[in-house]
Amino acid sequence: MLRFLDTLFIESLGFFGGRLQASTGKSDMKPEDKEVIIIPERCKGCGFCIEFCPQYILNKTTEINSKGYHLVYISNDSKCTKCDMCGMVCPDFAIGVVDIEKEPCRS
Ligand code: SF4
Ligand code: SF4
């Protein structure tokens, strides 16, 4: 699933932490414990993520952000390996893989 987030999320340590773990391979989390997120207002529609996705599952939407750029979406989520290649090539930190937040344990 591709989740759209507001610009405040970019400040979240979770975003960078998740990307760092994914890119260094140090995370032992499974792909199903991760998700791809996009921060629409950061996207400039360059298409790098679309070109470099090894699964060829990213496409442009008809939706545009406030700057007039078409956003990206995942056309086939089941094929996403959560490799974070999209996040690594995005020049604007607009897309990337993060760990899905788990509900805190209640005792
Ligand atoms: S995480 Fe990998 S497979 Fe999934 S959309 Fe990004 S580049 Fe494609
Ligand atoms: S690489 Fe980043 S800025 Fe370029 S289209 Fe993809 S999400 Fe948007």
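Me: Which residue in β4 is the bridge partner of L58?

Reply: In this predicted model, strand β3 (residues 58-64) and strand β4 (residues 70-74) pair in the antiparallel sense over four bridges. Strands (E, at least two residues) and helices (H or I, at least four) are DSSP runs numbered from the N terminus, and two strands pair if DSSP finds at least two bridges between them. Across from L58, the partner in β4 is I74.

Me: What pLDDT do local features need?

Reply: A word on conventions: residues are numbered from 1 along each chain as its sequence is written, while chains are lettered from A and ligands numbered from 1 in the order in which they are written. As this is a predicted model, side-chain atom pairs count only at pLDDT 80 or more, totals for chains, interfaces and linings use all residues, and local features need a pLDDT of at least 70.

Me: Which element has the lowest mean pLDDT?

Reply: pLDDT is the predictor's confidence in each residue, from 0 to 100, and its mean over the chain is 82, with 70% of residues reaching 70 or more. Over residues 10-14 the pLDDT is below 50, and beyond near neighbours in sequence this stretch has five contacts in the model; a contact means C-beta atoms, placed from the backbone, within 7 Å. Among the elements, helix α2 (residues 48-52) has the highest mean, 98, and the lowest, 49, belongs to helix α1 (residues 13-24).

Me: Which residue in the hairpin of β3 and β4 takes a positive phi?

Reply: Five residues lie between the two strands of this hairpin. The phi value in question is near 90 degrees, and the residue is G68.

Me: Which residue in β5 stands opposite I38?

Reply: Strand β2 (residues 34-38) and β5 pair in the antiparallel sense over five bridges. Four of the five residues of β5 (residues 95-99) are buried, so the rest of the structure largely encloses this strand; buried means 20 or more other C-beta atoms within 10 Å of the residue's own, exposed 12 or fewer, and partly exposed in between, with C-beta atoms placed from the backbone. Opposite I38 stands I95.

Me: How many residues does the largest nonpolar core have?

Reply: A nonpolar core is a set of buried Ala, Val, Leu, Ile, Met, Phe, Trp, Tyr and Cys residues joined through C-beta atoms within 7 Å. In the largest one, the residues with the most contacts inside the core are V36, I38, C49, V72, C86 and I95. The elements giving two or more residues to this core are β2, β4, α3 (85-89) and β5. The count of core residues is 19.

Me: How many other C-beta atoms lie within 10 Å of I95?

Reply: Leaving aside neighbours within four places in sequence, I95 is in contact with V36, I38, C49, V72, C86, G87 and C90. The C-alpha atoms of I95 and I39 are separated by 6.4 Å, although the two residues are 56 apart along the chain. I95 is buried, because its count of other C-beta atoms is 27.

Me: Is D84 buried or exposed?

Reply: D84 is in the loop between β4 and α3, and its phi is near 70 degrees, a positive value in a residue other than glycine. It has 22 other C-beta atoms within 10 Å, so D84 is buried.

Me: Which residues come nearest to ligand 1?

Reply: A residue counts as near a molecule if its C-beta atom, placed from the backbone, lies within 6 Å of it. The shell divides into eleven nonpolar, two polar and two charged residues, where Ala, Val, Leu, Ile, Met, Phe, Trp, Tyr, Cys and Pro are nonpolar, Asp, Glu, Lys and Arg charged, and the others, Gly among them, polar. Of the 15 residues around ligand 1, the nearest are C53, C80, C83, M85 and C86.

Me: Which residues come nearest to ligand 2?

Reply: Around ligand 2 the shell has nine nonpolar, two polar and two charged residues. Of these 13, the nearest are C43, C46, F48, C49 and C90.

Notes: Contact = placed C-beta atoms within 7 Å.
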